[in-house]
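Good morning, everyone. Please bring up the structure and follow along.

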Amino acid sequence: MPAYVFTHATVLDGTEGMEPQPNMTVVVNGGRIEAVGPAATTVPPAGAREIDLGGAYLMPGLVNAHVHLCGTGKPMSAGGAGDLIDKVTGNPIGMWYLRRMLRKNAQQQLASGVTTVRSVGDPAFADVDVRDAINAGKYAGPRLVTSGTGVTVPGGHGAGLFAKVVSTPEEAREAVRACFARKCDLVKLFVTGGVFDAEVEGEPGVLRMSPEIARATCEEAHKLGMSTAAHIESTEGVRVGLRAGVDTIEHGGPLDDEIIALFKKNGAGRASSLTCTVSPALPFVELPPEKTKSTHVQQVNGRIVFEGIVAAAQQALAAGIPVGLGTDSSCPYITQYDMWREVVYFERLVGVTPAFALHTATLGNARILGLGDETGSVEPGKAADLVVTDGNPLENLEALRNVRMVMARGNLDERPQVKRLPELDAELDGFLPKATA
């Protein structure tokens with residue numbers, strides 16, 4: 001693996017209080033960051049390739065903590081998605097196509113500046129296969145943290161898409177053991193319903209999974225050394241999930257004092273965290289139902305979920321609960337290259353500073369995923385997961401929209417190419433919140 005020396009870099013190191021560090025030199029050797037410092041005191045290894053950044057901004061690669069790799073973001077109804085998955089998972093040619101789709105979508109994430117992806121539910125363990133192929137060097141891709149096939153209940157969220165249906169605690173334990181046998185990194189469970197499977201207005205987060213099944217899933221996962229993530233979109237669902245021992249609550253709902261206390265005492269060796277996902281809910285609020293392939297009921301419930309996600313993130317931050325970021329890629333209007341939008345939403349809708357938003361999308365997310373010692377910041381010893389932008393994200397996070405270079409574990413792409421969907425981009429740009437002065 002070649003050695004590189006980036007000169008005249010303006011470093012944003014990923015820490016919570018980061019400030020631009022101009023005219024810095026960053027040395028990468030053997031896929032890791034070897035040195036970071038002023039040019040006068042930073043000596044690269046002999047033969048290292050020099051890349052003069054001319055003052056451009058060098059920062060950690062983004063970490064997308066909530067992704068489904070099985071779709072592009074083009075709107076499709078839940079029923080249509082289920083029919084398609086049934087077709088491709090039922091035969092060898094279909095499985096080849098599914099893995100190819102997931103690989104290409106993972107590569108889209110990488111080209112957009114995301115060097116670590118947590119897949120939280122994909123069909124037939126195809127994400128695990130793609131992870132293993134990337135790690136074996138068969139093709140380029142981001143670091144993948146995979147859950148394989150999730151755990152749900154009859155009529156539950158994810159059923160017929162990317163989750164195994166279980167009816168008893170023992171069946172849940174068996175499903176977890178199947179994930180362990182496939183070497184999944186975590187277990188995803190679906191505790192509540194979602195926008196697409198709610199039947200009436202006002203219940204997008206209706207409880208689907210019993211506390212007993214949720215508890216059995218978490219207990220078995222933790223016994224096997226695996227963390228857990230749970231799809232939850234209501235206050236009661238968060239309570240059930242945390243009482244069961246869930247490590248990361250995905251999406252969330254308004255929090256109360258008991259829930260905040262549960263967050264702080266839970267987790268596999270650390271407090272449970274909340275993953276903020278504004279991206280999948282906002283299109284339901286801003287676009288007419290025919291564009292998101294939804295109904296009026298789903299639009300109403302989408303607004304409830306959107307408001308609950310924002311409120312939960314604000315409450316969690318105020319209480320000192322770790323908050324991560326993810327896009328929920330594959331949902332309608334959520335592409336595989338728009339992590340930058342979620343970072344912008346976090347700043348402008350949840351109400352944090354640009355520096356804190358960028359920190360959350362890098363080192364903060366890495367720590368939540370248990371990878372804080374491996375990636376997420378620009379410091380010696382970390383994996384060389386780096387992104388270069390021409391603009392300063394701390395002045396305007398929209399600078400992350402177009403990355404000049406991406407390096408993942410020391411592999412450099414000097415001209416990353418994102419295959420964009422212009423019709424989706426135009427709609428999403430139409431309601432992008434404006435930066436405040």
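Predicted model: local features only at pLDDT ≥ 70, side-chain atom pairs only at ≥ 80, totals over all residues.

Residues are numbered from 1 along each chain as its sequence is written, and side-chain values use heavy atoms, with hydrogens and water left out.

Helix pairs come up now. Two packed helices are described by the angle between their axes and the distance between the axes. Helices (H or I, at least four residues) and strands (E, at least two) are DSSP runs, numbered from the N terminus. Axes are lines fitted to C-alpha atoms, for helices over the stretch in contact, and angles run from 0 to 180 degrees between N-to-C directions.

Take helix α11, residues 339-350, and helix α12, residues 354-368. Their axes lie 8 Å apart, at an angle of about 130°. That makes α11 oblique to α12 (under 35 degrees is roughly parallel, over 145 roughly antiparallel, 65 to 115 roughly perpendicular, the rest oblique). Who makes the contact, meaning heavy atoms within 4.5 Å? From α11, M339, V343, F346 and E347. From α12, P354, F356, A357, L358, T360, A361 and N365. By class, that is 8 nonpolar, 2 polar and 1 charged. Ala, Val, Leu, Ile, Met, Phe, Trp, Tyr, Cys and Pro count as nonpolar, Asp, Glu, Lys and Arg as charged, and the others, Gly among them, as polar.

Next, helix α4 (residues 169-181) and helix α5 (residues 211-223). Their axes come within 8 Å and cross at roughly 35°. P169, A172, R173, V176 and R177 of α4 meet E212, I213, A216, T217, E219, E220 and A221 of α5. This contact has 6 nonpolar, 1 polar and 5 charged residues.

On a 1 Å grid over the protein atoms alone, a cavity is a set of points where a 1.4 Å probe fits but cannot get out, and a pocket is an open set with protein on both sides within 12 Å along at least five of seven lines; lining residues have an atom within 4 Å of a point. Grid points are joined across faces, edges and corners, and a volume is the space filled by probe spheres set on the points.

How many cavities of 30 Å³ or more are there? The search finds 1. The largest cavity holds about 60 Å³. S279, T327, Y333, I334, D338, R341, Y345 and L428 line it.

Last, the second largest pocket, at about 390 Å³. Its lining has 19 residues, with L110, A140, G141, A408 and N411 nearest the centre. Helix α2 gives the most, 4 residues.

Notes. Contact = heavy atoms within 4.5 Å.
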